[in-house]
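Hi everyone, thanks for making time.

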Amino acid sequence: MDNKPQDTEARPAEHAGSRPRAPAFASGAAVPSAPGMGQDAGGFVPGSQPEARMDPPLAPAERARLDEAFRTTLAQGIHGLCFSPYQEGQQPGSQVSESQIRERLAIVRPHTRWVRTFSCTDGHEQTPRIAHEMGLRTLVGAWLGTDRSINAREVAGAIAVAQAGHADIVAVGNEVLLREDLTEDELLAHIREVKAALPGVPVGYVDAYFLFEKHPRITAECDVVMTNCYPFWEGCPRDQALAYMKTMLARTRAAAPGKRVLISETGWPDQGSAFLGAVPGTEAAMRYFVDTAAWASAEGIEWFHFAAFDEAWKVGAEGDVGAFWGLWDKDAKPKFI
């Protein structure tokens, strides 16, 4: 499906949890080799269309172990969370207040070291300052789309936030190339503008892992390469998803040798319709979170879980699955503990 904004009021000022995308490989094709890729994608053939199979419910003892692992992981805290402060009835274009930002940040603060934001307009520009006040580090995003005037305000907002000392990393655009909202040259100009204004602040770009292979000029311009890895949106069964995500990260690293690479988004929905072989579910979402956190911790990988909170407005952009990527529900109540 296409979530490209059709007008300025409906623009996605916050990311919608990624969207279904054509897998990077043709159906039945072999996974291209890359340094550090390891064995394979856990049996998943990229581009294939595996049958959606609901995992059988865990036995009580197994579920108890998963519950404990999830609680422990969340209590220990993870590297980063993708953060949006939207409340019921709000959506991109709504003005967000300082009070609601503070309320939502206070909930996630014990469980993460970083927060990632997606916009520097409509009140979202306040989030990095408040996060810093709470002792959190910030990956600050400027949302770029088809509206050039909004893009200019987003870039100016991100520069202002960083010049005030509240951005630890700046992301100039999110999946712009995937959506084909801007040309490579247009995106490159925005990245260079921000880098010129912010010496000493790491600046980069966020997109699906395979776009960094296709756009080496963009990759080369980034101080930090930020890759969105969604096995779900390529139809990968949950039990093979971590192995497949490892290949996504390996391909990004191969396209950006010597650069800092982080996973800017990954997650698994707990409700909604299946996408090919990827089936949402409570236990699936919990296991994906626990497994990803354990792997990232062991390997020293910087990663951001998508997302902190459910957001009802995303149903329009992604179908029923769109509203259920959070660790907390739309009312900020914990979903899995």
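So, the protein chain has 337 residues, and 58% of them count as buried; buried means under 20% relative accessible area, exposed over 50%, and partly exposed in between, with a 1.4 Å probe and protein chains only. Before going on: this is a predicted model, where local features need pLDDT of at least 70, side-chain atom pairs count only at pLDDT 80 or more, and totals for chains, interfaces and linings use all residues. Residues are numbered from 1 along each chain as its sequence is written, and side-chain values use heavy atoms, with hydrogens and water left out.

The protein chain has eleven helices and eight strands. Those are DSSP runs numbered from the N terminus, with helices being H or I of at least four residues and strands being E of at least two. Take the contacts in the chain with a separation of 6 or more: 72% of them are between residues 24 or more positions apart. Contact here means heavy atoms within 4.5 Å.

Let's look at helix α2, residues 98-108. Which of its residues are buried? They are Q100, I101, R104, L105 and V108. Looking down the axis of α2, they fall within an arc of 125°, so they line one face of the helix; the arc is taken from the directions from the helix axis to the C-beta atoms. Among the elements covering them are β1 (78-82), β2 (112-116) and α3 (127-133).

R109 is partly exposed, at 44% relative accessibility. Setting aside neighbours within four places in sequence, R109 is in contact with M134 and L136.

Now for α10, residues 282-299, and two helices that cross it. One is α1, residues 60-76: its axis and that of α10 come within 10 Å and cross at roughly 50°. Axes are lines fitted to C-alpha atoms, for helices over the stretch in contact, with angles from 0 to 180 degrees between N-to-C directions. That angle makes α1 oblique to α10; under 35 degrees counts as roughly parallel, over 145 as roughly antiparallel, 65 to 115 as roughly perpendicular, and the rest as oblique. On the α1 side, the contact includes R63, L66 and F70, and on the α10 side it includes M286, F289 and V290.

The other is α9, residues 238-255, whose axis comes within 10 Å of that of α10, crossing at roughly 40°. So α9 is oblique to α10 as well. Among the residues making this contact are L242, M245 and L249 of α9, and Y288, D291 and W295 of α10.

The peptide bond from F306 to A307 is cis, with omega near 10°, and A307 is in the loop between β8 (303-305) and α11 (315-318). E180 has a positive phi, near 60°, without being a glycine. You'll find E180 in the loop between α5 (176-179) and α6 (184-197), and E180 is exposed, with a relative accessible area of 63%. A332 isn't a glycine either, and its phi is positive at about 70°. A332 lies in the segment after α11. Is A332 buried or exposed? Buried, with a relative accessible area of 13%.

That's my tour, thanks.
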